[in-house]
Structures are given as C-alpha cells and as structure tokens.
Amino acid sequence: MYKNMFIILLLAGFGLLLGSFLLTHHEYLSLPQLPAYYADNTAPEVGAANVVTAVVVTYRGFDTLGEVTILFVAASLIAMFLKHSKAPRHDRHPRPSSVILSTSQKLLFPLIVLFGAYVFANGHLTPGGGFQGGAIIATGFLLLLMANPQAEFKHGLLNAIESISGTSYVIIGILGAILGLGFLDNRFISLGQLGTLFSAGAIPVIYSLIGLKVGAELSNILHHLNEVQNEE
Amino acid sequence: MVSPVHIVSIGLITAFLLGLGKKSQQQMLVFVLMIATAAMTMVSGSWLIGLMTGSLKPTDVFTAGFKPPFAINLRMTMDEAVLTTMVNVFGFLTVIYLFDVLKKAGKHLLSIIVVFLIGLNVVVMTRDLFNLFVFLEITSIATAGLVIIIQDSKSISAGFKFLMASSVISGILLIGIIFAYSYVGNLNIDFMTNLSMVKGGAVAVFLVMTAIILESKQFPANGWALDMYESAHPAIGSALSAVSAPAILFVVYKLMPMVPENWHPVIGLLGLITFAFSNFLATRQENIRRMLGYSSVAQGGLMLTVVAMSVYFGQSFWFIILGFLLTNFFAKAGLFWLNGIVNSDDQNKWGILRKRPVLFFLFGVFVVAMAGLPPFPTFFAKWEMIMQLAQGNGWGWIVLILLGSIFEIAFLFKWFGRVFHAVKDQPAEPVIPWFKEFPVMLFGAGILATSYYFIKYQQFDNLFVLIPLLIVAAFVVIDFLPAFIKNILLIAALTFYGYIIYPEIKGNIMQLVFMSVFLVGGILTLIPGFATKGTRAGFYPFAAMTIFGLIMLVNPGDNLTFFMGWEQMALGSYILILRGKKAERPAQQYMLFSAGGAYLMLAAFGMLPHFAGDTFFGNLSGLIPGAGVVFVLFALGFMLKTAAIGLHIWLPGAYSEAEDDATPLVSGVLINAGVLGLFWIVTSFGPQQLFGYDIFQLMGWIGAITAIGGNMLAIYEEDMKRLIAYSSVGAMGYIIFALSMDSKLGLLIALYYMVLHFIYKTMLFMSAAGVIYRTKTRNMYEMGGLIKSMPWSFIVVLIGIITLAGMPPLAGFAGKWMFYNAVVMKGWYLQGTMVFFSGIVAFLYLYKLIASVFLGQLKDNHRRVKEAPFVYLLPQFIFVIAIMVLSIFPQVLLEPLATIIPDRVPGEAILWDGRLAMTSFGYWNAFAVMTTVIVMFATIFLWLTYHSRKAQKVKQFNIVFAAERPFRPETTHVSYNMFAGYKKALGWLMTPLATQFWTGISDWSTAIADKVRSWYTGNGQTYAMHLLLYAFVLYLLISGGKIL
Amino acid sequence: MSIDWIKLLFTLLGLFIVLNYGLLQYGLIRRITARIGKRIGMPVYQPYIDLVKNYAMRSQITHGVMFYLGPVFRLVGGVGIFMFMPLIYGSYYWSNYSFAGDVILIMYFMFFGMLGMALGASEGGHPYSFIGISRGLSQFTTVEVPFTLAVIAVAVQHHSFSLTEIVAGQQGGIMHWNIMTNPFAGIAAMLAFLGMMMASPFNVVQAPQEIPIGPPTEYHGTYLGLLQTNRAILYVSESILMVNLFFGGATNWVELIVKSFCVFFWPVFVGLVFPRFRIDQSIPWFLKIPLILSIIGIFMV
Amino acid sequence: MEYLTLQNIGLVTGFMLMLIGLYGALTQKNILRIIVAFTIFDAGLNLVIVALSYIKGRVAPIIDQTTGVTNLSEKFVDPIPQALVLTSIVIGVGVTGVMLTFALRMFKTRHSLDINDFKQTKW
C-alpha cells in the first residue's frame, strides 16, 4: 500500500513537471516558420494535396522509412520468436463461427482489401495513406482469421509482398538520390497535376508500397499470433 | 564517394530481401548478411579514411533534397565516421562470430541484426530529433529481438523488462521532443540550440536529456540493462556494450549544445556516480556476464561524464573520450566474445583459455586495458582526465573516479587471477571454431594498435619509454622460444640498454645509482632463470615489463612517464607474483594495494600543478610551502609499495608466493621504487605541515613502528620466504625513518641502506630460492643441517645476515653508525630507540633463518640434497663481493651518494679524512676495523687450529643428550616456534590490527555492496519506477525544486 | 698505513693484564659466592688450572666448520671490545685501537661474538643449544634497549660518541661522573648491565641447573679454553665500558681495576640475592623500570 | 487569457491519460494489464501530440477546393505533429505487438502472468 502511495506521489510530481508545460506554452496564433513553409510550399515543391502526406513521405520520408523498419523488425521478431516453438500441434476444435460472420467475411474481405488499397493509393490527396491502408487490409485478414481460425495462409506470398515492396521502397529512395536531389526525393518522377491520382511524383508509389508492406506485415503478425494460439 | 545514407539503404535492402530467403538457403543468407555488413563497413570506413587523410570534407546528407530544417539531414564528420565504422565493423564481426547460431536461427534473426546496425548508424548520423527517436526505437526493438537469441526464461523476462523500460524512456523522450517542437517550431538539433533560453524550453531539454541519460543506463536506474547483459547471448552483450552505449553517448554529445551550461556538472556527476557504484557492485559478482554488464555500465558512466564535460575538457576532450571509447569498444567486446567461447559464466570454467595461449594473452590484454593500466589508451585518458579535473579543483570528481577505478581493478583482477589458476579439470584441447576466435583476435590487434597510436601521440622520450616498450613487446612475440634463449636475450637486452642509457645519465648520480640498482638487479636476478627448463611461457615479457617499468621511473623528468613506469612495474610484477602456485589471493591483494597506491599518487599528480606548475615532482626546489596534502598522498602511495606498517599486509603473501627465483626481482629490486619515490618527495618538497603537524615527524613514527612491526612479525614466521619478506618490511621502516629525519645524514642513510638492502635482500632471497629449489619446501622446521650439503649458500646467508644485522666489520655497520649520529643530531631519541630495538629484534629471526635451515640436525629426506645450482650461486657471490668491497671501502659508495643530497637539506654531512669518517659526534674507520678484525680472527683461528689439529669429525647424532642418544633428527631439531618465550612476553604487540582493519574494510564493503545491489529486485515494474524516480530526482537536482 | 708497533705492544700487554685480572676476578667472585652459600668454594687460582687443562686436552671432536669457528667468533668478539676501548684516560698507548671507532662500534661488536657462538653451537645440533640461544637472544633484545638509551643520553650530554671524549667530560671529581650528573641514565644502564652479564636473576639463558649439558658440554678442550679466555676478557671489558661511560673512567691502572671490580661486583651481588626469572618474565621487566628510567634520563639532558 | 481552450483540454486529457497509464504500468501485477497500461500511456502521448497541432479556426492541411492554393499557411493547422503522431502510433503498435509476444512466451515458460514471477535475474 505504501508502495502505491509512493507511486502516486511520484506520478503527481511527474504530473507537475508535465503541467509546467501548460504554464509556459501558448497556442500558436500563426504557424511557425517550418510548418508555414510546408503549408505554402508543398503544392509547388512536392505536388501533394495532402500536406501531412508530403511531410510524412517526402520531407520526413526518412522517418517513415524508419517506421516501416520498425514494423518490419517487430514482425520479424514475432515471427522468429513464435516460430521457435516446435510444440506438437494439436488440432483445436473451436466452436465454428457463426453463419453471419463467415458469410459476411466472404463478402467483406475483398471489399476491405480494396478499400485499403484505395486509402493508400490516394494518400497524397485525401486523409489516409500507406499505414492506414495497410492497417485496413490487415483488418480484412483479421476478419478472415476470426471466421476461420484454422485457416492456412500462404506465408510465402505475404513474405514476398513484404520483401519486394520494402526493397522497392528503398530502391525508390535510392533513385531519388540518384535522379533527384536526395535520398527519398519524390521529384524524380514528374509531379503532375496537383490533385490528381498520378501526381506528387513518387509519393503514391511509395505509399502504395508502404501500404502493401504494412498490410502484409500486420497480417503476418496476426497470423503468427493465431498460430501460436493453435498450438496451445 | 558513396553517400553515407547508403549505409542505411544497403542494410535495409538486405533486411527486406532476406525475407525472400528459404529455409534451405539459410547458410547462403548468412553470407549475404556478411557481405552486406562488409559493404556497410566499407562505406563508413571509406568516409573515415577519406576524412582522416583529408581527401573528403565533412558532409551533410539532405534526404528528400531539402535543406534542414525542412527535411531530415544526416551528418558525416570525423565523429560520425569513427562511430559508424565502429558499429559496422562490429556488426560484420558479430555476424562472423555468430556464424553457427545464425546458421540455425532462421532468416528473421538475420534481418533483426542488420536492422539493429542500421538503427545505430542512423542514431549516430541523424541531426533530427524526431528521427533520432524513431531510430532509437528501432534499435530498442531490434535489441529486444537480439536478447532472445537464447530463448530461455531468463532472457525472455529480461527482454520484457527491457521493453517496459524502453517504453517509459521513449515516452519521456517523445514528450520532450514534442515540447521542444512546440517551443521552437522545428525538430532539427542544430536549429534548437536556443531551446533552453525559450521560456519553459528548459523542461523540454530536461526531458529529452533525461531520456537519453536513462537510455545510457545510469546507476541506479539500470536494472533492466543489467538483467539483459546477464541473460543475453555474450555476442549481444558485447553489442550492447561496445556499440549501443557509445551510440547513445554520442547522442548525448550531439544534444549537449542545447543543454544549459550549469547542467553539465550535474550530468557529469551522474556519470561518475554510475562509474563508482557499478564497479563497486561488480566486485560482488560471481556471474561473469553480469559482472561484465556492471562493468559496461560503469564505463558508460565514465564516458557520460567526459561527454557532459566536453566543453570543460576543451582541447583534451577528444583524447580522453577516444581513450575510453576505443578501449571499451575493443576490450569489452573481446571479453564478451571470450565469454561466448568459454560458454560459461563460472569463473573456474575459464581455465579453458589457459590451453590457448593466444586467447589467454588477449584475455589478459583486455582485462588490463579495461583496468586502465599502461600501455593501453584508458591509462592515458584517465591520466589526462584527472589532470584536467584537478586543474578545476574537481577533487570530489577525482575521488569518485579513483574509487571506481580501484573497484574496477578489484573485480577484473580477481577474475583474471582466478582464470590464471583455473587449470585443473579442463578438457585437454578445447574445440574453438575459427569464426569465434577470429573476431577476438582482430579486436585484440585493434586494441594493441590503438595503444600504439596513443603512445605515439604522446611523444614520449625514445630512450626511456619507446625502446623499453618495444623490448617488452618483442618478448611477447618471442614467448614461444625456450626459456634459456629468452633469458640470454633479456639479459643481453638489459645490458645493451644499460650501454646506451649510460651516456644519458652519467652526469646525474641519482639516476645512475637507481638505474644501476634496477638494471644490475634485473640482470642478476634473471641469472637463476637458467636453471628453469621448458619455455617458461609468460615469464619473460613480464619480467621485462617489470624491469623496464622500474627504469622508466628513473626518467629525465616527466610525471606521466614516471607514473606509467610505476603502473607498468606494478602490472609486470603482479603477473610474476601470480605465477606462483598458490599466489591467487596474494597477487590479488598485491594488485589492489598497488593500484590503491598508484591512485593516491595520481591524485597527487593532479594537485601538483597547483603548487609547482608542470615541473617533474622530483625536480622541485625543496621549498614548496603548504603542499602538505600532496606530500601525504605521494608518501602514502610510495609507502604502500615500501609496505609501511598498516599498509604492509600484501607484502608477505606476495613475496613468498611468487615463484622462488622471481621473488628477488619483485622484492629486493622492486621495493626500491618506493624508496626512490619517497626520496624524491622528501628532497623536492621539503618540510610539510598537515593540520599544523609536521609530516616528517609523523613519517618518522611510522617508520619506527614499521621497523619494529616488520621485524617482530618476522620472528614468528616458519616460512622461509615470508620471514625474509617481513624482514623487508622492517628494513623499509628503517629507510622511511631515515628519510623522514630530513637531514643530510638521514638521507644518506636511506640511500645507503637502499643499496645495501637491495644487495643483501636479493642475495638472501636467491639463496632461499636455491634452498627451496633443492629441498622443495619453504618451512624452515622441515630443514636443518644443510650446511653440509649447501656450504656456499650458507656462506651467502651468513654474510647476508651479518650485513643485515649491522655488525661490524661488514658494510651494515656503516648504516648503524650513521644512524646513531643522525638520531642524536636530530634528537629523535624515542623513535630512534624503537628503530634500534627493531634492529636487535632482527637478530632473532636472522638466527632462526640461518640456524633452522643450515645448522642443527639434517633431516633424513635431505641427505642427498645437493648444493644450489651454479646459476643461483653466481649472482649471490657477485653480491657477496660487493658487500665485501663496501665493508672495506664504504666511502666508495657513501661519497657519491652524499652528492645526491641537495644543499638545502639541513644537518651536517660526514667528513672524510682519508678512511676515517667523522661527524661532530663520532668517528669510524672501516678499514681499520676490518683490518683489526681480520688480524684478530686469523690469530685466534690459527691458535685454535694449532690446538685442535687432531680434532675428528663426528657423526650427526654424536652429541651428549641427557644420557641418551637421539636417533631422529625431527625430535632433536628445535626450530618450530623457536621464540615461544618471546611470544609469551611480547606477543601482544603482534595483534594483527592491520589485517583486522583491512578485513573489516573488505567485509564492510561486501555488506554494503550486497545491500545496495538488492536495489535491483529483478522486477520489471520496479525498474520502470526507478526510471521515473531517477528522472524526478534529477529534475529536483537540476531545478533546485523550482519550475524550469 | 704505518702500524704503530709500540702501541700494538702496549695493547697486547693490556690484553694480558686484563686476561689475568679477569681470571683472578672470576675465581674471587666464585669464592665469595661460595662463602655466602656457606660453602668453602674453589681456590682463587682455579680458573688458571681450568684454562691450562683445557688447552692441553688432546681428544677433540668437531661437528663441522661453523662449530669449529664458533669459539673463534666468540673470542674475536671479546678481544675486539677490548681492542676498541680506551683503557686509561690521557694515555696514548693505553687507548688501544679506539681510533677505529666510537662507542657504537663497541656496542655492535658485542653482537659479533654472540652471533658466532650461537651459530657454532647450533651446528652441534644439540637441542639445548637452540633453546639457550633463543632465550639468550630474546632477553638480549630487551636488555639492549635501556642500555642504548642510556648510552645515547650520555653521548648527547657530552655531544660525542667517542669514549675518550665522554671520559674527558667526567674528569674533576665524583660529582662530574655521569652516574651523578645523569642518575636516571646511569641507573638504567646499571640495571641493563645485569642482563648483559647474564647473572642471576637473568641467567636462565645459561641455566646451569636445568640444562646441565649443552654448549659447554659439546665445546670441550681447546674450544672451552677459548670460551673461558673470552669470558675473562669480555666481562672485564664490559665492566671497563661501564666505568668509562658512567664512573669517570680511569687515569691509571689502579683506579681502573678498583672501579671495574666494583662495577663487576654489582651483578654478582644482585645475583646472590634474587632468584631467577623466567624468560617471559625477564623480557617485560627490562621494558618497564629500566626503560622508563632511561627515557627520563635521555630527556634530562 | 483563455485557459479552457480546446487545445488545453486535449493536453490535460492527454497528460491525465499518460499518468493513468503509468500508474497502471507501475502497480498492476498482471503482465497483460501492464501492456494495456502502456497502450493507455501511448494514447495519452499521442493525444498530446495531436492537441499541439491544433489552432483554433483552421482546417486540416489538405489542399482542396475550399482552401485554394494560396495563403495556405494562414488556413492550415500545423501538419508536423500530425505526421509525427502517425509515426508514434505505428511505433506504439510495433512495441505493443512485441510486448504481447513476449507475454505469450513468458506465460509459456512459467504458466503465470504475474510480473513478480519473472525475477530470475537480479542483483
């Protein structure tokens, strides 16, 4: 009990520390130089309608590469970790999923994947992007797994998608360095007309690759977790 | 030139493509990984070379083609080039080292490794705060992945604790970054140097900095890291220690410009506290990996200090940090890898290494390098650091550093000693695959090369430093040769060195005297080595190191060279001692006390410039007012070597357990180093006060008590070598006393006695070695009657003890005679009497020594014992001749010695009138005494011979024995506990206060360490709380309770 | 270096006188001791008879070289003390070889004989030799402390270690003797003298009763002769040393003999009155009263 | 000075969530609950980030017909925190996934989810 009291005190102190931020911080009245630059120059420089996307994929593209890497390394870790258990696999006989679930899954799965693809392909125009799209695709797989826990995926396919899309991403980045002005520069492909699908240079390509990669990775993670569950 | 960003792209493409691999292609995948890491190494390495040669300029890489702050930029300067090269080389070697693991582990692990490396590379290179965060996270997750290469419950739970901790840390970091952004409106480090000036911005700086500091595993919020070190595969531990930690510290360095100036000392102190405490706790570790973990954390703390104080250190910053960084990189990685090779956390299992001389040598190199002994970079870095800190009066800092260092030495050398002696029960020839040996060897070469450059950079004197070091190195290389050849070579090397050094020093009698003692002593003590068969692996390099270390002490006047020589001599002699069969504990004690003394001296060297500028401490004017503390530190340091009472407990063990023929070197010759130092401080500082008390007075008492104590302890020894060793303590007390009289006569006595003690003690130890060599025992009560079979040894011992006792007509009397005159002139009657008393007490053990061994009843098992080998006797008789010459013509030595003593020293000197020595008190003519005695002796001897010309020799038991005839030597030879009556009367003086005191210190520190380390409960939650608590306390420390 | 042959002659003559004096004195003391013990005792000339007999003995044995050399060392020690000591104040020829060294030399020369004897006896392999020697050495360490302090006190007082100088400083009547000018040091030295002479109560070293055999038994014939010669010379020499240090020295032979006889009689007197100390009793004894007295003595100066 | 702005509400809520998350992480004994607590902590953190990008009366930084293409810096909220929060969320997902996997394996080694049962390495 004393321990909890102590923790509460500690957190209260920590809260005060955070709270001091409220005293000194002021809401912006106008954007500082950097975001203002992004707001004003995204369209001419990068050609993306969605400024956030421009920031994510181009200006701070290196972060995004890191993000992808994080998901990749997390997925690899999970795969490595869970694959190791060589326990004899005994069949589980879960209660079959309801008719509604299995039926709607068949209906919805393609739609969800399609929607995901739409979200990442239009990332430079509308809210959304590769991560969001990838996550949506992964929900499709989640639905699949829920409807049929015993389902077998083609690991190879997912892995291939993941690898190829990841590699392509990096290669595009290198192309940016060779053909454009720097690593991950999107402008080595023509920027096109602002607001159209084929605009903003390499952004849609990159975001699509990210979407595929994220989708494949998250699905892989889900699948691995499910497999382990099957082992239990 | 390939852009540094391609380190990342190469790595990532590899990582992603590995996913395509099939299980059956695993081996190929490993090779792909190898190639990739090699390519990454080449990129960063080519930048390093380019920047070093100047063909490349430091560059910023703009990602996405926008200038900062609009996009993320990576920087490649010398700093980054060094670090990324370190990371990538290390990665490459790790892949090789883990070849067998990776072959089985599956492709995911390969990806994780390469991602880990990428993460570190970018952490080093990036200039964007948020990008830094992202890649830190990558590194963290990859680390978690690496920890579970061994998937046992220990490593899994350690990994979870790590994840919890890193979640908390990254939370703190992220909130800090966000705050920072909200205050300055961008995320580039170079554009937020004014952050702390913005109102409230200090909080952001604080949060970011705290997170990074926590990430660098500072005590006491580092339980998670320790658990990880303990449970992870050694290769991973090595990665965490050798590359992760430096990368994080580099982040600290990057962020330092935005940290307010007045926080620097706080952060620095945190690092030092970590250094001191982690090393302290490491002393209690039996588990090697955890111990290495503590050590890694400690090194990290030290480096954090340097980094935090980079502004303060200014010019020397790079020198210091590189010294620590590279040593930690090579040595720690090497040690972890060796751990992997041995594949056990049990120190006793490490005996495997003894079967592999090269690996064992590297193990020693790593340990020594970690411990900060010369000639390795840490030594120089530590020296420079202490000097710099001392300039700013950072005494508390120095104390912490030195404390930490002594603990470090404690556990490192405990380990080393254990391994050195853990030879038993090992498999005949351990199978060690090449890919495990290769990285270790490469890193061993790395640290040696680094040392080479560090020494070169310092521009030492060729003659006094470089040539000796080269000779030592040469003996390491030729260690495989037979002992006989190496002995000849070393003696030749020493002779040759003497030949080339003589013209340099012939003008300076001080140097000449000590140099001759060390060189001649070195050569003569080596001669008995000819009796050894086989290769005697590992002896000659360290004998050379010891002797040349001593030689460095007699250098032309550079504090660093002196200190380096001192440490080198300590190290060399430590190994020589350790080589003895039962020497593990004594050697450890020796090392600890040596190191303690050395660190006291180091502190003194730090203080010295405040009083004397850059002058060599031996060349001061003798009128340095108010330098009492410096003097005391120096004096303590030197008196540890000369084993003043209370500080002497290491000596008997160390001297007696050393190899018998090495003992003369480590005792008779080496102990003079302490005398040299004491002589120098006494003459160069002049009288000093401490709290208003005259230090010389104090030293005089210490000397007197030491003289009595040493001799008293010697009386009750049954062990021949221990007896002689304690006698050394007594003799040193005599010298300390003489020095502290600070009069012309006193100093002369000290110098004279130094030479004399060197001669007779070396002689006695050699003679003892000869006896032990033949009888195979050191217990005197097991010997007896050896005069019949070893008459020459007997003569040597007889001459030795007559000299030691100071009986006329031999040379020892000169010392006694001067001593009385000096005491009476000085008026130190009580102390003088004590020293005199100790001289009489010496008779007891001298008698015991010679009588128990050579006289009395010959034992049955020694009936066939032969005289000691000729090579043992030869140097002894050279010494005997020297004593004889000195006895007849003491002025040969005394007159030159007197010229060494500076004029400022008060008191009268000896006046010489031909052969008559005079003071205002007394007079003495050695030649006349000698002549008279010889004439008397000859006359009486002839008289006796005439009368007993028909004397017949009788058998051993032909004695009149209470009407019985004894039939066994054991029952007739009275030796064991010979001075029982004396013990009964004065035994209370022998209460082992010193031993009790040091044992108490040891027990006490053990208890404290156990208490402190129970802080690491092993519960991940507790660890997470530690992190928050640390942050909060740090906040209070920095802000002083106010809002930043 | 030219040798002053006349001086050598005088020295040898002095040695001869001292030897005879020592032998007679020993006989006399034994006689007195016996009378006090209600015995008749041996004739005064008995030491001469012993000496002659021992030197004339034919059967000789030896245990080895060191055994052989032991008595030589011992006698060299005794003669040496005599040789380095000035006998008669103001006389060049009776000052022996005191030009070679001062009182420190004499003090340390005492050890010479002791050590040699100890080693010689040890080689005989007799266990009692060891016991006796270990006791002797033990006691000796503590005897020397007050004695040395007293000597130092005297040396400081006269600002010299030279015996001649010390004697010179005591001329001019009994009140100038050191025993009067520095009574503490004098008494301490006299107490220490008891131990140096190894008479009762400090004679457990030789312990004539408990250890009836031992070194003297192993050493017989000529060896014993040498030892007896030494005893005669050494005891007288030590007495003369005390005379020189504390009793004003002597300006002629009569004074010397009277004074040294009185000094020598002091341990005999004590020995007759007091019983013997064990070794672990005698050691602390010397470190108590004599030591304190000598310390007072040294600070009186 | 207005304190009850939308941004401040967001910030305070975020801070509170963070503290709650931390409290949970430090006091709960069940590993799964600890993980959940960390996700709460992450959520709070992300909320703080998003709240910081808010400027009253401005729109999301996407160019469309309503915004036009000029003077955008006076119409948009801050795009940077929005980009950052995306990264932060993804990292959070990754870490949570990894932690859950660890929890799974920890349960398999000891058949317990009590954090106190995993103290094999200490001191």
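Is helix α15(B) largely enclosed by the rest of the structure or largely exposed, and why?

## Helix α15 of chain B

Eleven of the 15 residues of α15(B) are buried (20 or more other C-beta atoms, placed from the backbone, within 10 Å of their own), so the helix is largely enclosed by the rest of the structure. Helices here are DSSP runs of H or I with at least four residues, and strands are runs of E with at least two, numbered from the N terminus. Among the buried residues are B:Phe360, B:Phe363 and B:Phe366. The buried residues pack against several helices of chain B, including α12 (288-308), α14 (317-342) and α23 (559-578). Just after α15(B), B:Gly372 takes a positive phi of about 80°.

## Basis of the model

This is a predicted model, in which local features need pLDDT of at least 70 and side-chain atom pairs count only at pLDDT 80 or more, while totals for chains, interfaces and linings use all residues. Residues are numbered from 1 along each chain as its sequence is written, and chains are lettered from A and ligands numbered from 1 in the order in which they are written.

## Contact between chains B and C

Of the four pairs of chains in contact (C-beta atoms, placed from the backbone, within 7 Å), chains B and C share the most contacts. Chain B contributes 61 residues and chain C 67 residues. On the side of chain B, α34(B) supplies the largest share, twelve residues.

β8(B) pairs with strand β1 (residues 61-62) of chain C in the parallel sense over two bridges, where pairing requires at least two DSSP bridges. C:Ile61 is the bridge partner of B:Gln952.

Technical notes:
Two residues are in contact if their C-beta atoms, placed from the backbone, lie within 7 Å. A residue is buried if 20 or more other C-beta atoms lie within 10 Å of its own, exposed if 12 or fewer, and partly exposed in between; C-beta atoms are placed from the backbone.
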